[in-house]
Every structure is written in C-alpha cells, then in structure tokens.
Amino acid sequence: MLVKQVEGVKYDELGEIELPNGDIRRCRVLEVNGRNVLVQLFESSAGLNLAQSKVRFTGHSVELPVSPNMLGRVFNGMGEPTDGGAKIIPEKSLDINGTPINPAARYYPSEFIQTGISTIDGLNTLVRGQKLPIFSGSGLPHANLAAQIARQAKVRNSDSKFAVVFAAVGITFEEADFFISDFKKTGAIDRTVLFINLASDPAIERISTPRMALTAAEYLAFECDMHVLVIITDITNYAEALREVSAARKEVPGRRGYPGYLYTDLATMYERAGRKMGSEGSITMIPILSMPEDDKTHPIPDLTGYITEGQIILSRDMYRKGYMPPVDVLPSLSRLKDKGIGEGKTREDHAGTMNQLFSSYARGKEAKELMVVLGEAALSPMDRLYAKFADAFEESYINQGFYENRTIEETLDLGWKLLSILPKSEMKRIKPEMVEKYWPRG
Amino acid sequence: MIQGKILKVSGPLVIAEGMREANMFDVVRVGEKHLIGEIIEMHGDRASIQVYEETAGIGRGDIVVSTGAPLSVELGPGLLTNIYDGIQRPLEAMRAKCGSNITKGIEVPSLDRDKVWHFEANLAFGDRVSEGDVYGTVMETEVIQHKILVPPRKKGTIVELRSGDFRITDRIGKLKLEDGTIEEITLMQKWPVRVARPYAKKLPPVEPMISGQRVIDALFPIAKGGTACVPGPFGSGKTVVQHQLAKWSDVDLVVYIGCGERGNEMTDVLREFPELKDPRTGKSLMMRTVLIANTSDMPVAAREASIYTGITIAEYYRDMGYSVAVIADSTSRWAEALREMSGRLEEMPGEEGYPAYLTSRLAQFYERAGKVVCLGEDGREGALSAIGAVSPQGGDISEPVTQATLRIVKVFWGLDSSLAYRRHFPAINWLNSYSLYRDRLSDWFSENVSKNWMENTGKLLKILQNENELQEIVKLVGVDALSAEDRMTLEVAQSIREDFLQQNAFEEDDSFTHLDKQNALIELIFSFDEKARRALASGADIQSISELPVREKIGRAKAVPYDKYKTEYAKIDAEITEQLDFLVANAGE
C-alpha cells in the first residue's frame with residue numbers, strides 16, 4: 001500500500017491505519033521515497049477504503065513489551081495475549097529486530113545438553129547456545145521429536161533456570177494443539193512462552209512471529225539469566241510469507257522466486273541464538289522446517305544449513321520401517337559436537353565411538369545396497385558382518401521411541417554393544433586404549 | 001563540506017539529493033546517528049549510497065554529509081591479533097564501548113591511538129627515499145617485525161627521523177618532498193580499499209605453500225602467491241579446511257575474513273588461535289593473524305567491503321616482504337551482498353539475479369594475489385595467496401559464483417558431501433579436484449623433500465583413478481569377478497583413502513603432517529603394495545592378505561608423532577615383510 005503526502009516518516013517504522021468503521025490495522029514502512037511511503041499491512045486489506053482511511057505513524061519500529069511474567073502465557077503472532085489472561089505489565093519494550101551480537105562478545109557453546117535421544121546425544125550432540133534445525137518433510141513426526149527434546153533436554157549437574165519459547169508460524173490448529181497439550185501434560189507450560197500464528201492468521205504476521213519469540217527469548221536469556229530453548233515451526237511458512245512480501249515489492253527474485261536476501265534474512269533470526277559475555281543465560285534454537293518434496297537442495301533447507309550449526313534430518317525410509325524417531329543419521333550433523341563431548345563433559349570414549357559408529361554404519365549401508373543388487377552371496381564375509389551391524393544399529397540405536405529417555409552412558413554402552421558385532425581389529429577410529437577399556441566382555 | 005538530504009530509503013540503499021560536488025565512492029555519514037555509507041552511483045545531483053549499518057529509523061530529509069575521502073583502512077602497528085568488522089572497526093574496542101551487541105553509528109578508531117610502540121629507525125637525516133623504502137621497524141608481535149614504509153607515490157629527503165617510543169599518530173620525523181613541501185612521518189598510513197597497492201613487478205609462483213594437510217600438499221598443492229577455491233555444500237567441512245589452512249600454512253601472516261558466516265565460528269577462531277602454537281616459531285598463532293568478521297547477522301553492505309578491507313591489509317604486509325595468506329569464508333556471501341545491492345539499484349540482472357559484473361569483480365579480487373617484487377630499493381619479495389570458500393546453493397557447482405571463480409583460480413579443492421557422510425575428512429574429492437601448480441612446483445618438491453615425491457604422488461592419483469573404474473565393475477558384477485591383481489588395487493586404494501588421505505583435524509599428531517613424513521607414509525603404503533603383489537605371485541591368497549594384522553598398524557601410522565616416525569615406520573615395514581613371508585610359506589596348505 002502506498003501512502004502519499006507524509007512528512008518525517010522513517011524507514012521500518014510501525015504505522016496504524018484507521019478504517020472508516022473505526023478499526024485499527026497495523027502496517028510497516030518498506031520504502032520511503034520522497035513524500036510517498038510504501039507500507040506493508042500486517043492484516044488483510046478488507047474493508048480498507050482509499051478515500052476515508054487514515055494512517056498514523058508511531059515513530060518507532062515494531063516492539064514487544066517484555067516481562068518475566070510472560071512465562072506460562074500464550075500470545076498471538078503480534079505479541080498480544082490470547083489466553084484471556086490479563087495484559088502484560090511490561091518491564092520494557094524491545095525492538096523485535098534485535099541487534100547483531102558482536103562476535104568478540106560471544107562465548108563458544110560447549111556445554112553438553114542431554115536430550116535422552118541416542119541419535120542426537122551419541123552422534124549429533126546438542127550444546128547450549130547452538131542452533132540445530134530439524135529438516136523434515138510433510139507427514140513426518142518432527143513435532144513429536146521436538147516435543148521429546150523439549151521434555152527431556154537437561155544439562156547434567158546443573159540446576160539453572162530453564163525456559164521454553166515456542167513460536168508457531170503458520171501451522172495448523174491441530175499441530176499447535178499437540179504442542180500445547182504436551183507442554184500441559186508434562187507441566188512444562190509454566191515455564192513456556194507461546195507465540196501462535198496459525199495457518200488461518202494473516203501471512204504477513206508470520207514475518208514478525210519468530211522475531212517476537214526471539215525477542216522474548218533474548219530478554220529471558222540475557223536479562224533474566226535463564227537457559228532458553230526456542231522452538232520455531234515451520235520456517236518454510238515463514239519463507240513463503242517473505243516471498244509474498246518480496247513479490248509485492250516487485251523485487252528481482254532469486255532462486256525459486258525467493259528474494260535474494262533470504263539468506264541474510266534467515267541469518268538475522270538464527271544468529272540470535274548463542275551465549276554472550278556478561279550473562280549467564282543462553283539461547284538454544286531448534287527451528288523446524290519441512291523440506292518441499294523432501295529436497296535438501298531447496299533454497300530454504302539449503303540456506304538454513306549454511307547458517308545453522310548442523311542439522312537433524314528425518315528420513316521417510318526410517319519412518320516407513322517404523323523406527324522412531326526416524327533420524328537419517330548419515331547426513332545429520334552437529335558442528336559443535338567436538339567441543340561438547342569427551343572427558344568431563346560426556347565420557348572419554350565418546351569421540352572415537354561416534355566416528356566409528358558413523359563410518360561403520362556408512363559401510364554397512366553400502367554393503368546392504370550391494371546386497372540388493374547382487375545378492376548376499378556376492379558379499380565378502382566382512383561386508384556381511386557390516387550389513388548385520390547396520391541392521392542392528394537401526395533396530396536398537398535409532399529406534400528408541402518418543403518416550404524413552406536414555407542417559408549418555410546408556411547410549412555409549414549401547415554403541416559399544418553394537419560395535420562388538422564387528423571384529424576388534426576394525427576399530428580403526430578409536431584409540432587402542434579405549435577399545436581395551438570399553439570393549440564388552442564375554 | 002558537502003551536505004545533502006535524503007530522498008529515498010530502501011533497506012541498505014539510500015538516495016540523497018544535493019550531492020553534485022561529492023565524488024564517487026566517497027564515504028558519507030547518514031542521518032542523526034552518523035551511519036557509515038559509501039556513494040556507489042551518481043545521477044545528476046542524486047547520489048545512491050550503500051549504508052554499512054542497519055537503516056531502520058532513517059527517513060526523508062535526514063542529512064547526509066560527505067567525508068570527501070574514499071573508504072580506506074588504517075595501516076600501521078596494531079593490526080595483528082585484532083578482530084575487525086567489515087569496515088575495519090575493532091570489535092573488541094566496540095565491545096568495551098557499547099556492550100555485547102553492535103549498536104549503530106558507533107565510532108572507534110581502527111588502530112589503538114594510545115598504545116606506545118618502540119620504533120627503531122633505519123635511515124637518518126639527509127637520506128633520499130622513495131616509495132616502498134623502509135624508514136625503520138617496530139616489533140609488532142613476538143614473531144612479526146613491522147616495517148614502516150614510505151607510502152606509495154612519495155619521494156623526497158629525510159629532514160628528521162628518530163628512534164624512540166611513539167604512539168601511531170605521533171610524529172617520528174619529517175620528509176621534504178621534491179616540490180619542497182615538508183610532510184610529517186607517522187607510524188600509520190591510510191589506503192583506499194578498492195585500489196590495489198602498487199608493487200614493482202609480479203613473479204610466477206614457484207614455491208609451495210605447505211599446509212600440512214596431506215591431501216592438499218601431496219595431491220593438489222597451492223603455491224605461495226597462488227589462488228585457490230574450496231566449494232562445497234553445507235556440512236562438507238569447508239570451514240574446517242579453511243581453519244586448518246589458517247592454522248598450519250607456512251606463511252608469515254594470515255588474514256582471515258569471515259564473510260557472512262556464523263558468529264560462533266569467528267568466536268571459535270578468536271578463542272582457539274591464541275592457545276595454538278605455530279609449529280615453526282613455537283609462538284601463539286594469534287601473533288600472526290588478523291581477523292575480519294562480518295557475521296551473517298551483521299549488515300549486508302559491509303559484507304561487500306569486508307573482502308577488500310582484508311586483502312588491503314594483506315597487501316600492506318606483503319609490501320614489507322612477507323608471505324601472506326588471505327582466507328575468505330565465504331565469497332558466495334560476498335556475491336550475494338553484491339546481488340542485493342544490485343537489485344536495490346534496479347540494475348538489469350545477469351544469471352540467477354547476480355549482477356553482470358560479478359565475474360569481473362571476482363577476478364579483480366583474486367588478481368590482487370601473487371608473488372611480487374615489492375617497491376623499495378632492496379628489491380624484497382613478498383607473496384599474497386588467496387583462498388576463497390564458495391558455498392554453492394544445493395552443492396551444485398554449476399551456479400554462477402563457483403563457475404566465475406573456477407575461471408580465475410588455479411587450484412580447485414572440491415568438497416563432496418558423500419565423503420563427508422562417511423566421515424572422510426577432509427572431504428576433498430580426489431577425482432574432480434585439481435591444481436595447476438603441480439608441474440611448476442615439481443622442482444621445489446624434488447629438491448626439498450625427495451626426488452620420488454612427484455612420482456609417488458602421481459602414482460597415488462593413478463591408483464585412485466583406477467579404483468574408481470574398478471568400483472564401477474564391482475557395482476555391476478560383484479567383487480568376486482575381479483582378478484586378484486585388481487582386488488589388490490582396491491585394497492591399496494582403500495589404504496590410501498583411509499590411511500593417508502583421511503586426516504583428523506582434532507587430533508594433535510594428525511592435524512599437521514610434515515612433508516617428509518607424508519612421503520614416508522606414501523612409501524610405506526607402496527611398500528605394502530609391492531610386497532603383497534609379490535606374495536600374490538608366490539601363491540598367497542588375496543583374502544588373507546587383506547586381513548593381515550599389520551594393516552591395522554599401517555592405519556595408525558599417520559598418528560605416530562613426528563620425532564618417532566622413522567623408527568616406527570621401519571618397524572611396520574619389517575612386520576609387513578614378516579607377515580607376508582609367513583603367508584607365502586603357508587600358502588597352499
């Protein structure tokens with residue numbers, strides 16, 4: 001929408017449109033060009049009348065009032081309470097766009113978070129302050145996995161304050177309800193802040209929703225010294241909303257019609273995770289995105305992968321086999337695992353067994369593929385062992401269900417038990433002392 | 001002072017009128033907060049300005065003031081060990097001033113104005129000097145002696161110069177130029193980032209830049225003064241390769257540009273490098289490092305500048321006669337910043353929305369690398385090597401940035417996600433990577449490492465190529481269809497892949513390998529190959545050869561500490577002979 005004949009309007013300012021019937025709609029400045037201002041409406045333009053509508057500019061960009069009392073409350077995508085409770089009495093109002101964190105002021109994330117899920121703890125370890133997305137597809141149980149992480153995640157030997165900020169971006173009522181009832185069931189709701197933008201809510205609001213959530217998270221983490229887990233679902237809906245705005249602005253599109261600045265835009269959200277000096281708290285982020293057609297090279301998962309510190313990929317094959325959570329182990333990765341594991345953090349044998357499990361599973365899968373083409377007889381005895389290992393690995397290591405909570409020791413011991421299917425001489429990735437110490441007896 | 005008023009704001013692009021007097025590429029200050037910007041286009045009295053900071057809160061009628069100078073960096077002692085943003089603002093000092101987030105319009109001098117340096121003069125009253133001559137030196141860190149140079153295009157006679165303790169803006173002497181004017185000499189000079197610093201002559205690169213990474217040194221070496229690129233999809237280990245190069249390359253200095261990448265990665269470098277020891281000097285690696293960080297959440301326009309800021313600092317040290325490596329991670333983000341600005345300027349897009357001048361801008365950047373004879377009468381030689389990571393979308397290297405880069409650089413280290421999934425690191429694919437320096441560097445390797453080096457490494461490539469062909473057959477008809485000889489080739493190739501090419505960046509004795517140890521390791525594998533083939537001919541069975549216990553020892557040979565490898569390798573070699581002899585003796589039973 002173009003507003004003419006205005007003075008003193010600033011870029012990125014928030015405006016309020018007064019409709020003839022007295023309704024207020026909100027908008028944001030996209031471009032200032034002389035006396036004309038291009039604005040983007042957050043809600044629908046229905047009922048807007050060119051002759052009688054007026055626009056008032058507020059003089060500041062979109063802000064979120066924050067307070068520690070936000071815990072346990074439910075907000076809509078624009079930060080207004082929707083649970084029927086009282087209005088939040090704000091400690092202060094914060095610009096939802098945030099400011100970049102000075103890299104010289106960051107702490108490198110290195111505290112191990114135990115999620116109780118073997119494929120994450122053992123192979124793709126999550127640490128405090130990390131951003132680790134879940135790449136999923138339509139019909140895969142990413143919601144269950146995210147809920148399981150939120151339920152089970154803990155840092156061992158610490159009793160620090162913990163909170164969850166949940167942002168629903170354009171998801172259906174049922175999906176949102178699944179999270180809310182799961183949080184309620186486990187009592188987690190009291191330390192959770194929810195921002196809900198449902199599929200039926202205006203698409204433009206989706207651009208603000210994750211930023212609202214992150215602003216609340218930053219407040220809780222860096223000013224109230226809490227450890228905050230942020231779950232955002234679904235980033236794909238966010239990117240589509242961004243594409244819609246970009247198209248409305250008639251910008252030159254990049255790949256698949258997404259704007260050329262999609263990378264920068266996603267980065268300004270993801271990079272808000274982390275730990276910084278002068279504050280005890282941290283923001284750990286788990287964005288969930290559904291890959292269109294399970295295609296990892298689609299711009300949204302692709303650009304996300306370049307910004308986040310790894311990814312957990314869900315596999316349709318595993319899901320069909322009934323292995324839960326259906327994590328596709330080989331392409332999943334946590335970039336920060338090396339600093340979060342080992343003696344004093346998990347256990348001394350962690351790094352070696354992790355690499356060994358990865359490479360053995362990769363070889364086992366290759367052997368199995370070969371078996372499909374040529375039959376079992378064509379495999380060497382060693383390859384047959386590897387194939388057996390791969391089956392056992394999927395059966396017991398990956399497949400643990402959404403309600404089993406394994407400690408890191410249980411996960412590591414299970415790893416050793418599976419490795420002992422193979423001969424000891426194949427343990428090339430593990431230091432010999434470790435093999436001697438941990439190799440299962442009998 | 002030239003002042004204009006803002007007409008239009010669209011993201012990082014601001015258009016101001018009343019700027020007729022301003023020069024192209026002048027730095028301007030925008031609005032009340034004095035945001036830093038640069039003029040990138042002029043139309044009559046309207047200037048298009050790219051603003052290096054977030055423009056929220058800027059509106060029509062705000063004042064734009066030109067500083068009258070192009071975007072420049074401050075060059076002088078104090079650059080090393082520092083971390084800067086894309087337009088050379090020191091991040092540590094900014095943190096001290098405004099806390100852990102970066103606020104807008106903050107002004108901090110690039111070089112510490114209060115720090116006192118000890119200057120030792122080389123020249124004296126009456127000496128005639130011209131560009132590139134050395135006034136004197138400052139010990140900048142324990143390992144780098146900073147030479148104070150006569151700036152380019154200056155010529156004259158010294159009328160005053162003294163040793164002593166100075167701050168960088170203090171006068172250390174006076175220079176009488178040829179036209180009679182007298183100029184002050186200080187420890188600091190300025191240079192516009194978009195202009196390459198001059199040198200006397202360019203030389204062909206003939207010396208390798210040794211990285212201690214086996215797959216790089218042995219198969220795809222890069223020369224000092226050369227250019228290389230590392231394209232790869234996410235998760236294939238680009239950043240680890242870049243970090244390894246920054247850590248272990250045998251150059252005097254490293255300028256590491258984190259361009260549009262993760263904040264935590266820069267933090268990692270910042271926290272880890274001071275603790276790591278340079279294997280050559282024994283001193284902290286940070287002593288030879290300058291970091292430039294424009295993380296992905298920092299303003300996009302400064303990303304475009306960060307590459308130039310980095311390479312200008314590198315050129316300055318090259319001019320002192322040092323060998324410098326510029327490592328840029330990642331040039332794709334820089335290209336995307338170009339694309340974003342180009343889109344906002346409403347230019348006609350080229351391929352995939354990138355501007356048509358993408359290739360020429362990339363070429364300009366990489367051409368600033370090279371081995372040169374520096375200005376100055378002593379004819380010292382400096383080298384600047386440039387290594388850029390590329391992040392092709394979806395790992396598809398047919399996209400414009402990778403293709404434009406490949407046309408310029410001489411070394412291509414192609415990262416492969418399927419290798420990364422198997423946890424084969426560094427995941428450099430040996431089948432499609434190349435180095436055009438191999439032949440040019442062969443004399444150096446033969447002279448300084450071993451006469452066999454070129455032959456050995458050539459044979460490695462050949463075996464791996466062979467393996468690839470054999471694997472095709474195996475996939476069709478199974479391994480049993482191969483002759484024992486061919487199966488032996490597969491065994492050796494596997495050994496090369498796992499025991500030589502794979503290198504663990506996080507393990508102390510494996511992270512860096514000296515050239516002679518690399519050569520010995522290759523020869524150890526070849527020795528196994530040769531002896532095993534002889535045993536095969538004498539009737540041993542391929543299955544038992546592949547299961548020999550000594551192979552596990554070969555697998556662990558790479559992690560043998562440098563001071564022990566000779567005796568250890570001799571022992572392993574003896575075991576190979578012994579075990580194979582035993583096989584032959586018992587063959588046919």
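Predicted model: local features only at pLDDT ≥ 70, side-chain atom pairs only at ≥ 80, totals over all residues.
**Entry 1: the interface**

I began with the contact between the two chains. I found 74 residues of chain B in contact with 76 residues of chain A. The size of an interface is often given as the accessible area lost when the parts come together. I looked that up next: about 6300 Å² is buried between chain B and chain A. Carbon and sulfur atoms give 50% of that area.

I then turned to polar links. Between chain B and chain A I counted 34 residue pairs in polar contact, with both residues at pLDDT 80 or more. Which elements of chain B supply at least two residues each to the side that touches chain A? I listed β1 (3-10), α1 (91-98), α4 (263-272), α5 (300-318), α6 (331-344), α11 (453-477), α12 (484-501) and α16 (550-556). The most comes from α4(B), with eight residues. By class, I noted 28 charged, 23 polar and 23 nonpolar residues on this side of chain B.

**Entry 2: salt bridges and a strand pair across the interface**

Side chains of opposite charge can pair when their charged atoms come close. Six salt bridges run between chain B and chain A. I looked at E31(A) with K8(B), where the closest N and O atoms are 3.7 Å apart.

Strand β3 of chain A (residues 24-33) is joined to β1(B) by two bridges. The two strands run antiparallel.

**Entry 3: a salt bridge within chain A**

I picked the one between E271(A) and K131(A), at 3.8 Å from N to O. This pair links distant parts of the chain, 140 residues apart. E271(A) is in the loop between α6 (262-270) and β16 (275-276) of chain A. K131(A) is in the loop between β11 (126-127) and β12 (134-136) of chain A.

**Entry 4: a helix in chain A**

I checked the span of helix α10 of chain A (residues 350-374). Its 25 residues reach 36 Å from first C-alpha to last. That is close to the 36 Å expected at 1.5 Å a residue.

**Entry 5: backbone exceptions**

Most residues other than glycine have a negative phi, and most peptide bonds are trans. I went looking for exceptions.

- M324(A) and P325(A) are joined by a cis peptide bond, with omega about -15 degrees. P325(A) is in the loop between α8 (316-321) and β19 (333-334) of chain A.
- D329(B) and S330(B) are also joined by a cis peptide bond, with omega about 10 degrees. I placed S330(B) in the loop between β24 (323-329) and α6 of chain B.
- F25(B), a residue other than glycine, has a positive phi near 65 degrees. I found F25(B) in the loop between β2 (13-17) and β3 (26-30) of chain B.

Note on methods:
Residues numbered from 1 in each chain as written. Chains lettered and ligands numbered in written order. Heavy atoms only, no water. Contact = heavy atoms within 4.5 Å. Buried area = accessible area lost by both parts, 1.4 Å probe. Salt bridge = Lys/Arg side-chain N within 4 Å of Asp/Glu carboxyl O. Polar contact = N/O pair within 3.5 Å; in protein donor to acceptor, adjacent residues only side chain to side chain. Helix = DSSP H or I, 4+ residues; strand = E, 2+ residues; numbered from the N terminus. Nonpolar A, V, L, I, M, F, W, Y, C, P; charged D, E, K, R; others polar. Pairing = 2+ DSSP bridges. Expected span 1.5 Å × (residues − 1).
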